[in-house]
Amino acid sequence: MSDHRELAKVMDLFHFEEHSPGMIFWHPIGLKLLRLIEDFMRQIYQDHDFAEVRSPVALNRSLWELSGHWQKFRKNMFIVGSSDAEEEPDYALKPMSCPAHIAIYKSHKRSYREIPMRLMEFGMAHRNEPSGTLSGCMRLRQFVQDDAHIFCREADIRNEIGNFLRMVKQVYAAFGYNNFSIRIALRPEQRLGSDEQWDRAESALIDAVQALGYTYQLAPGEGSFYSPKIEISMQDHLGRLWQCGTIQVDFNFPQLFDLSFVNQKGDLEQVVILHQAILGSLERWIGILLENHNGVLPLWVAPVQIAVASVSEKSADWAEVIFRRLKQIGARVELHVSDRTIAKKIRELSARKIPLIAVVGEKEAMNQSLNLRRLGIAGQKEIPLAELEVELAHLHI
Ligand SMILES: [Zn+2]
């Protein structure tokens, strides 16, 4: 197994600079990988009736004072001075998107017809972590997270938790993780809200997990001061556990920010907020994914799926025909027709972890075919051009 930073280097995905610790410089192929994951998640969220939003990266100090972040987490936030310090207080770069989504909820008077309202954002978050704790993608100062908030009634909690668990299962399986464990973190000693409220919130979480037949661990005292939460840890191929997904029931922000909707009787009713993330930090997710697959990513998410390599100059034209055909089919493909030897090309492309290599020589040009090799699997297969699309469909390209 290689470290994700090493893999990122040989695959030309991204790098770090000493002058910007904890922040990533994405290269074209790396950004493609990030976008593929975003697009996949965007579709999953859409399918489950979440609406995507985008909010500012910097929010005014007054908002963070109201949310309590200024008092509790100021040390971990990047503070940005306003250009007119006498007129206006400072800003902080958001460590999470909750207050911004609350602002979107509050921008209208809400009716029961809009509830549950599910908002999600690929939110750019900044956290001023101590430099000694930074560790490649696994702990960063700037990252994007799939940050979602559900504004619902207390009676909706169970259903929403069930949806969340179904989404988690679907997403984790798509990336090759079929095992995950569930922890339910319960009320801590220091807490807000009444015991009845905690009883209801905790049993809603436990009921929803049980209803889907999952086993779980209870973690008494480990909930946040305003709510219980579910933490999902997935297991990678190396047996390591990674806590990525989370959903948290929150009665506190709705009270602080006075969030309500007009119910069926025409009365104002307070909402509950569920904070959820499935991947958490996308950068960390990518770090885990790279290490888990040792860089050879599942084809559907590989930023370069296939490279076409010519054996000699005589087969360059045919290699280009194959390349164009693959592009037309929609494959993410590169063409390599330089005069380097085919052995060298294959070595370089394999080192870059490109999962498929189409080798094209004079024989293939004559047969109107290509020779397909899959990284990590011995042997190769000659495929007539006419059958290429069917062959790739089998591979989910
Ligand atoms: Zn939140």
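User: Which protein donors does the zinc ion have, and how far away do they lie?
Analyst: In this predicted model, the donors are Cys98 through SG, His149 through NE2 and His275 through ND1, at 2.0 to 2.3 Å from the zinc ion.

User: What spacing do the donors follow along the chain?
Analyst: The pattern is C-x50-H-x125-H. Cys98 sits in helix α5 (residues 98–106) and His149 in strand β8, so this pair ties together parts that are 51 residues apart in sequence.

User: Cys98 and His149, buried or exposed?
Analyst: Both Cys98 and His149 are buried.

User: Where is Asp156 placed?
Analyst: Asp156 is in the loop that runs between β8 (142–152) and α6 (157–174).

User: Why does Asp156 count as buried?
Analyst: Because its relative accessibility is 14%, and buried means under 20%.

User: What does Asp156 touch, leaving out residues up to four places away in sequence?
Analyst: Ile115 and Pro116.

User: Switching to domains. What does the assignment give?
Analyst: Domain 1 covers 4–57 + 94–292, and domain 2 covers 304–394. Each of them puts 6 residues into the contact. Their C-alpha centres are 40 Å apart.

User: How much area do domain 1 and domain 2 bury between them?
Analyst: About 460 Å², with 71% of that on carbon and sulfur atoms. On the domain 1 side, Val10, Met11 and Ile29 lose the most area, together 64% of what that side buries.

User: How many salt bridges between domain 1 and domain 2?
Analyst: The count is 0.

User: Which elements give two or more residues to the side of domain 1 that touches domain 2?
Analyst: α1 (4–10) and α2 (28–47). The largest share, 3 residues, comes from α2.

Note on methods: Residues are numbered from 1 along each chain as its sequence is written. This is a predicted model: local features need pLDDT of at least 70, side-chain atom pairs count only at pLDDT 80 or more; totals for chains, interfaces and linings use all residues. Side-chain values use heavy atoms; hydrogens and water are left out. Helices (H or I, at least four residues) and strands (E, at least two) are DSSP runs, numbered from the N terminus. Buried means under 20% relative accessible area, exposed over 50%, partly exposed in between (1.4 Å probe, protein chains only). Contact means heavy atoms within 4.5 Å. Donors are N, O and S atoms within 2.8 Å of the metal (3.2 Å for Na, K and Ca); water is not among the atoms, so sites may look incomplete. Domain bounds come from an automatic or database domain assignment. Buried area is the accessible area (1.4 Å probe) that two parts lose on being put together, summed over both. A salt bridge is a side-chain nitrogen of Lys or Arg within 4 Å of a carboxyl oxygen of Asp or Glu.
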